[in-house]
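Q: Please walk me through this structure, and for each label you use, set the value against the rule behind it.

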Amino acid sequence: GVNQFTALTKTEFKETYLSNYEAHKDFQPLLGYTSPVDLNVDWVTYGAVSPVKNEGACKANYAFSAIGAIEALSVIIYHQQTEYSAQEIVDCSSSFGNNGCVSGNMVNSFNFILTEVLFLNIGSNTETAYPYVARLQTCASKSGLFKIK
């Protein structure tokens with residue numbers, strides 16, 4: 001149908017909206033790992049999968065994927081459905097190797113979240129408190145609700 005992508009060529013769409021992220025070649029699943037949750041659960045029905053978001057012209061898929069995992073964790077472990085801020089990761093995680101609206105990856109985002117949330121215990125902001133604007137801003141993170149115990 002006709003939408004915001006209709007007038008774009010495939011090249012324009014790729015350059016504007018798709019990331020050039022490459023998976024870590026040395027990634028290996030944990031051998032012998034047993035999941036503490038039932039792997040046969042429909043996580044969408046359970047409420048652990050948040051709605052699809054539009055990252056706009058900011059290449060922030062790394063932030064959205066990390067936040068999606070944190071949102072799922074919040075539902076699975078704490079039975080609390082909350083949307084957390086991808087913008088906070090875009091704006092505040094450059095010291096962990098992410099590059100705003102240009103590039104980044106989930107591992108860097110998780111390291112940012114672990115450091116800010118677990119070690120500094122300041123928490124991760126909600127989408128409402130730190131909304132997504134699809135551009136790099138000065139980091140405005142002070143404290144948030146999601147804390148790992």
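A: Two salt bridges are counted here, a salt bridge being a side-chain nitrogen of Lys or Arg within 4 Å of a carboxyl oxygen of Asp or Glu. This is a predicted model, in which local features need pLDDT of at least 70 and side-chain atom pairs count only at pLDDT 80 or more, while totals for chains, interfaces and linings use all residues. Residues are numbered from 1 along each chain as its sequence is written, and side-chain values use heavy atoms, with hydrogens and water left out.

Q: Why is the meeting of K53 and E71 called a salt bridge?
A: The N to O distance between the side chains of K53 and E71 is 3.8 Å, and the rule asks for a nitrogen of Lys or Arg within 4 Å of a carboxyl oxygen of Asp or Glu, so the pair qualifies. K53 lies in the loop between α2 (43–46) and α3, whereas E71 is in helix α3, 18 residues apart; helices here are DSSP runs of H or I with at least four residues.

Q: What makes K53 and E83 a salt bridge?
A: Their side chains meet at 3.6 Å, N to O, which is within the 4 Å of the rule. This pair also links distant parts of the chain, with E83 in the loop between α3 and α4, 30 residues from K53.

Q: Which residues have the most contacts inside the largest nonpolar core?
A: This core has 18 residues, and those with the most contacts inside it are A60, A63, I89, V90 and I113; a nonpolar core is a set of buried Ala, Val, Leu, Ile, Met, Phe, Trp, Tyr and Cys residues joined through side-chain atoms within 4.5 Å. Two or more residues each come from α3 (61–78), α4 (86–92) and α5 (106–119), and α3 gives the most, with six.

Q: Why is Y78 called partly exposed?
A: Its relative accessible area is 35%, which falls between the 20% and 50% limits, so Y78 is partly exposed. Y78 has its place in helix α3.

Note on methods: Buried < 20%, exposed > 50% of the residue type's maximum accessible area, 1.4 Å probe, protein only.
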